[in-house]
Amino acid sequence: MINKLFLKIFVISFFVLTSNSFAVVMPVFKQSVAVTDITGDAIGGPADVTFSPDGTKIHFTNFSNKTAFPFLRQFTLTTPFDISTMDTSSEVRLNLGAGSDALGNFIQGHAFNSDGTKIFAISSNGTLNIHTLTTPYDISDSSQEADDGIDYIAGIGGGDGTVASRDIEFNNDGTKMYLLDGGNTASGDGGVVEYDLGTPFVPSTATSVNEVDTTSTLVAFEQDVEFDDDGTRMYVIDSFTGAAPSVKIAVYKLSTPFHTSTATFVGSIKNFFDGSGGTGAPLGLGFSSDGMKLYQTTYEIGGSGDLDRVYEYDLVCPYGIVICETDAVTAIGAQVEIAKNVISQNSSTIFKRFNWLRRNDERANLTNHEVKLNIHNPILAALKTNFENSLKNIQFTPASLKKENSSKNKKKWSHWSHVDVSFGRVGDTASSKPKEVKTKGFMYGLDKLVDNKIFGYAFRYGKDQVDLEDGSSNELESHTFSLNMYSSVPLKRQSNLNLLLGVSYLKIDQLDKKNRETGGRNGKQIYTSISYENENAYTKYDLIPFGKFEMGITQFSDYTNFDLVSNNIENHERLKFRTGNASAGLKFDSILYLKDKTLSRNGFIEYIYDLTPDIDHNVRSHIDNVSVKKTIKTHSLHNLKGNIGLEYMNSNGSTIAINYERFQSLHESGHKDSLLIKLGTAKKQNANFDVIYDPTNNNKTEISYLKNFDNFKLKLNSNYNLFNKIPDYGANIELSGTF
């Protein structure tokens, strides 16, 4: 603990002392590949560059001053995002020169909608056309939409009244569109023009809301604009014809995602196109889906360096140009997933306890207690039979949901334990990188029957490990401690209401790829879960309907993340959020009765609707001291969970059970698999109760109780002189073992 505190003090001191000397983060040139010039002249070549999300397809708009080459070009990559594996024989072309909105010459930028089923291409002469794709991100089969009749130079406003569009972009949900005004002079007089769209991804519904003037940060014509995955950083490049001057990549931060009115210029770097910093005339800019690679294109013009090529660069962190920042959306999203998982694991395990009790209710008396009396004094020997019989009448039965036991049994607690292991993948969305999740947990519970209702407590310890697939190799490790109070109340017509109330404490550490702690936060939560089910089985498959509601409130402390790669400090504010879901499904539980054993076939199918709202979180970087609001969006509203298992039980109570469970998102690739294995046995518990009375020895009385626990024996002894004026008494406990 002291070592960790010392390390944190040292790191903070280092960052404070060096806060004014942060190094500018540079891309690392990797390779370049020629893109065949199909125009055959001095002006023409690949312009804007994009990839399919899986990196197996690369797209270029073909820039030319001739109207005969209005194409969007597509190639296949045999290795995702590796341009050296581009198969030139796989080229597919989409004609952008057809119809009344034909783009003609000087085709510049293009963009896809969020699911890749539409592609938008624009030229600087004011035309824009849209194609619908049969297969997402594949232009080989498409249909062109009708011309909207709008002149995109002056028809929708913005800028200085005219917009010479060099690129088009959208935010993640298509409610905003951006056109890059390339300006009309060599020194540039344009910028990034922002529009609100009345209908997502429909440019004709655009209303101009803001423009970012980039003339003071760039030296030539604005050429391409890109955003990072959550809209909190914006990148603009400029270009020039002829001998290219010192063109740049300018970086802006947006404190509100995708709102350019909150943009702040962070810095710029001189653009370069080989390992030695060679110059070029860039036309396009793009990133890989994880933000760990940068791509640029150059076009053919005399004296401008390497021509008609696509360039690949490695980045030291996601979208790391000028500055490095952690992927806060993915990291905080993972912490939210941990909080949701803690609640889910607790409620799921406890409600499985109710299922087990109902499934084995007819075998409630699984434990056989035998009591044997050894009374050595002849005076008391006559009491043996009556006393022994009275002890045999004592009932030792687990709590039952169906049988109302007598009042003398209501104080008997049943105890149980459960181990769970699960693993899966969640959060693969447009704004959040996927996360690999591994969970291990142990739960111990006590419950009893009170007035025909089950009441109990359960404690769970859980450990979650989450690998963040954001290019940083960071991971989260959490330790959680939960205390639950639960009850099952019988209702009319063989139905039950199951209730759960719980609290948890969470400790989350963030680790880098060298397993060094870079940040940590604590959390606390309160949650409840209610389920209703009807035990009347329907159909020959014994289907039982049920419904469930789950809600929790979690609060995380603020914390500081020390990025040891970029020498950056990020302060994350305290976070309080609500999570929940509503679900309904069908269970089946069919028991096959054999000669001296039973085989239970059980499982369920459940539809789950996620009630968790979007969660806003504020983070401030020490590099620029700008506070940015990050939004963790609900990435999967609709989900399915299925469970199937077998339980085998002998007449002596020995049990083996195995269950497989899968949680599957219906919106994205998120899923979680769980394998539950349970072994149990109910053995005869032999006990000896001895009473020895000797009236010839000062009426000395000895009472002993002997209990066998497999290889161990527990013996309790007590002696008492009943009739002495000064009683003589003593007691001792013995524990012995044999191996």
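Arg353 counts as buried, at 10% relative accessibility (buried means under 20% relative accessible area, exposed over 50%, partly exposed in between, with a 1.4 Å probe and protein chains only). This arginine is found in helix α2, residues 328-359; helices (H or I, at least four residues) and strands (E, at least two) are DSSP runs, numbered from the N terminus. Leaving aside neighbours within four places in sequence, Arg353 is in contact with Ser414, Trp416 and Asp447, where contact means heavy atoms within 4.5 Å.

A word on the model itself. It is a predicted one, so to speak of local features takes pLDDT of at least 70 and side-chain atom pairs count only at pLDDT 80 or more, while totals for chains, interfaces and linings use all residues. Residues are numbered from 1 along each chain as its sequence is written, and side-chain values use heavy atoms, with hydrogens and water left out.

On the whole-chain level, there are four helices and 41 strands, and buried residues make up 49% of the 739 residues. Of the contacts with a separation of 6 or more, 58% come from residues 24 or more positions apart.

Not counting residues up to four places away in sequence, Leu575 touches Ile332, Arg521, Thr554, Gln555, Phe556, Ile615, Asp616 and His617.

Ile526, in strand β27 (residues 517-534), is partly exposed, with a relative accessible area of 43%. Ile526 and Gly502 sit 24 residues apart in sequence and 5.8 Å apart in space, C-alpha to C-alpha.

Strand β19 (residues 293-298) has six of its six residues buried. Both faces are covered, with Lys293, Tyr295 and Thr297 on one side and Leu294, Gln296 and Thr298 on the other. In a regular strand the side chains alternate between the two faces of the sheet. β19 pairs in the antiparallel sense with β18 (residues 282-287) over five bridges and with β20 (residues 309-314) over six bridges; two strands pair if DSSP finds at least two bridges between them. Leu294 stands opposite Phe287 and also opposite Tyr313 in β20. In the hairpin of β18 and β19, which has five residues between the strands, Gly291 takes a positive phi near 75°.

A search of the whole structure finds 16 salt bridges, each a side-chain nitrogen of Lys or Arg within 4 Å of a carboxyl oxygen of Asp or Glu. Lys30 forms one with Glu312, the closest N and O atoms being 3.7 Å apart. Lys30 lies in strand β1 (residues 28-34) and Glu312 in β20, so the pair ties together parts that are 282 residues apart in sequence. Lys30 is partly exposed at 43% relative accessibility, whereas Glu312 is buried at 0%. Lys30, Lys293, Glu312 and Asp314 are linked in a network of salt bridges.

Elsewhere, Asp509 and Lys507 meet through their side chains in a salt bridge (3.1 Å, N to O). Asp509 is buried at 9% relative accessibility, and Lys507 is partly exposed at 31%.
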